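I opened this notebook to record what I looked up in the structure, one topic at a time.

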Amino acid sequence: MERTFLMIKPDGVQRGLIGEIVGRFERKGLKLVAAKFMQVDRELAAKHYAEHEGKPFYPPLIDFITSGPVFAMVWEGDNVIALTRALIGKTNGVDAAPGTIRSDYAVHTNLNLIHGSDSPESAELEISNYFAPNELVSYEQTIQRWV
Ligand code: GTP
Ligand code: MG
């Protein structure tokens, strides 16, 4: 079963959208296996956004992701990486398809509410950056046979 790392960014937390965003993944039928309300420090932020180091938007990106608490999560399901990226929408709220989280609630590229892993490799790395193995809960989600 595939896993992904999702994180509601400081703008999503401040705007009171945790419940709304988490509800979308729940209603899709995905399975939550870990969650944590936390503050990202600059060291973790640098690890998280290492691929963007050196780009002009990197310094404000690090400032933003460390500017307030985030809600970090691990979700599980068939094709969960592609499914959650589709529900999140394109990086920019203007290009994101209507009905996606970023289209419905985001206006600016740098305030786009939520992060989602973009590949199995990044998911594995990001999950291990944010969660210890014993923080991932193993359980049977009884609705799975109907999803
Ligand atoms: P994440 O889920 O946050 O990783 O977004 P993404 O996968 O849609 O975008 P990407 O990984 O390419 O970039 C990470 C973050 O950097 C984005 O969410 C944006 O906030 C920011 N970013 C990416 N490209 C640009 C850009 O061209 N300009 C600005 N200002 N920010 C950018
Ligand atoms: Mg990305």
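The entries below go from the strands to the core, then to the ligand and a loop.

Entry one, the strands. I kept in mind throughout that this is a predicted model. I began with β1 and found that 6 of its 7 residues are buried, so that the strand is mostly covered, by the count of 20 or more other C-beta atoms within 10 Å. I then looked up its partners: β1 and β3 run antiparallel and are joined by 7 bridges, with Ile-8 having Phe-71 in β3 as its bridge partner. β1 also pairs with β4, residues 114-116, in the antiparallel sense over 3 bridges, and there Met-7 has His-115 as its bridge partner.

Entry two, the core. In the largest nonpolar core, which has 29 residues, I noted that Met-7, Trp-75 and Ile-114 touch the most other members. At least two residues of this core come from each of β1, α2, β3, α5, α6 and α7, and the largest share, 6 residues, is supplied by β3. Leaving aside residues up to four places away in sequence, I listed the contacts of Met-7 as Val-70, Phe-71, Ala-72, Met-73, Ile-114 and His-115.

I found ligand 1 surrounded by residues including His-52, Phe-57, Leu-61, Asn-112, His-115 and Asp-118, and by class its shell has 2 nonpolar, 7 polar and 1 charged residues.

I located Gly-99 in the loop between α5 and α6, and it counts as exposed because it has 11 C-beta neighbours inside 10 Å, where 12 or fewer is the limit. The C-alpha atoms of Gly-99 and Leu-87 are separated by 7.9 Å, with the two residues 12 residues apart along the chain.

Technical notes:
Residues are numbered from 1 along each chain as its sequence is written. Chains are lettered from A and ligands numbered from 1 in the order in which they are written. This is a predicted model: local features need pLDDT of at least 70, side-chain atom pairs count only at pLDDT 80 or more; totals for chains, interfaces and linings use all residues. A residue is near a molecule or strand if its C-beta atom, placed from the backbone, lies within 6 Å of it. Ala, Val, Leu, Ile, Met, Phe, Trp, Tyr, Cys and Pro count as nonpolar, Asp, Glu, Lys and Arg as charged, and the others, Gly among them, as polar. A nonpolar core is a set of buried Ala, Val, Leu, Ile, Met, Phe, Trp, Tyr and Cys residues joined through C-beta atoms within 7 Å. Helices (H or I, at least four residues) and strands (E, at least two) are DSSP runs, numbered from the N terminus. Two residues are in contact if their C-beta atoms, placed from the backbone, lie within 7 Å. Two strands pair if DSSP finds at least two bridges between them.
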